Amino acid sequence: LKVELSHEEELQVHAALSDVLLSLGKIKEARREIEAVLVKQEASPLIFALATIDETEGNFIQAEKGYRRVLELLPDNPLAANNLAMLLLKTDGSAQDALVLAGLARKVTPNNRIIEGTYGCALVQTGANQEGVTILEKLTQTSSNQDAWAHFFLAKGLVALNKPEEAKARFAKVLAIDTAFPKRAEVERELDKRL
């Protein structure tokens, strides 16, 4: 029997299917389902999901637009604020904007390790090296911390604080975590300086 779905029910089915597809790692299929909903109706969770897909696929301009749109719809959304802040840091965007966004996320969701990490990275990128290094050292102390970006910004902060040996160890850790790190050439230059 064919069931006639209402417009709202059809959108809910597409949204639920996209969630399942994302959890299965079927990114292209999830994108198709999300876009099917967004063509008909704007929904901030789906805009956020699409932005994360865009970021994963390296489409940073679209990802930034998506995160910004979520923040237009939900100005206090800590996930969109945090992800946009980190995206700006990764792509050499406005460090000051990243710090403001990370601060917003931190205010809304205190004591979250991921958000704290983004905030620490933004502090280093804006020149507040001691404060950023303090946060990032605390977060990267455990061997379970495999966030190459946190180690990268920690290393940059340590360079700024004139701690070359500690910086060298952190730069080396970046490449140990991610051999295809997007700023690998910069990391290698920093390591060469410290030989």
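Mentor: Phenylalanine 152 has 0% relative accessibility, so it counts as buried; buried means under 20% relative accessible area, exposed over 50% and partly exposed in between, with a 1.4 Å probe and protein chains only. This is a predicted model, where local features need pLDDT of at least 70, side-chain atom pairs count only at pLDDT 80 or more, and totals for chains, interfaces and linings use all residues. Residues are numbered from 1 along each chain as its sequence is written, and side-chain values use heavy atoms, with hydrogens and water left out.

Trainee: Why does phenylalanine 171 count as buried?
Mentor: Its relative accessibility is 0%, so phenylalanine 171 is buried.

Trainee: What makes phenylalanine 152 and phenylalanine 171 an edge-to-face pair?
Mentor: Rings of Phe, Tyr and Trp (its six-membered ring) pair if their centres lie within 6.5 Å; planes under 30 degrees apart count as stacked, over 60 as edge-to-face and the rest as tilted. Here the centres are 6.3 Å apart and the planes are at 70°, so the pair of phenylalanine 152 and phenylalanine 171 is edge-to-face. The pair links distant parts of the chain, with phenylalanine 152 in helix α9 and phenylalanine 171 in helix α10, 19 residues apart. Helices (H or I, at least four residues) and strands (E, at least two) are DSSP runs, numbered from the N terminus.

Trainee: How many aromatic pairs are there by this rule?
Mentor: The count is seven aromatic pairs. In one of them, the rings of tryptophan 149 and phenylalanine 181 have centres 4.5 Å apart and planes at 50°, so that pair is tilted. Both of these residues, tryptophan 149 and phenylalanine 181, are buried.

Trainee: Which residues form one aromatic cluster?
Mentor: Trp149, Phe152, Phe153, Phe171 and Phe181 do.

Trainee: Why does arginine 31 count as buried?
Mentor: At 17% relative accessibility, arginine 31 falls into the buried class. Arginine 31 is part of helix α2 (residues 27-38).

Trainee: What does the side chain of arginine 31 make with the side chain of aspartate 54?
Mentor: The two side chains make a polar contact at 2.6 Å. A polar contact is a pair of N or O atoms within 3.5 Å; within protein, one must be able to donate a hydrogen and the other to accept it, and residues adjacent in sequence count only if both atoms are side-chain atoms.
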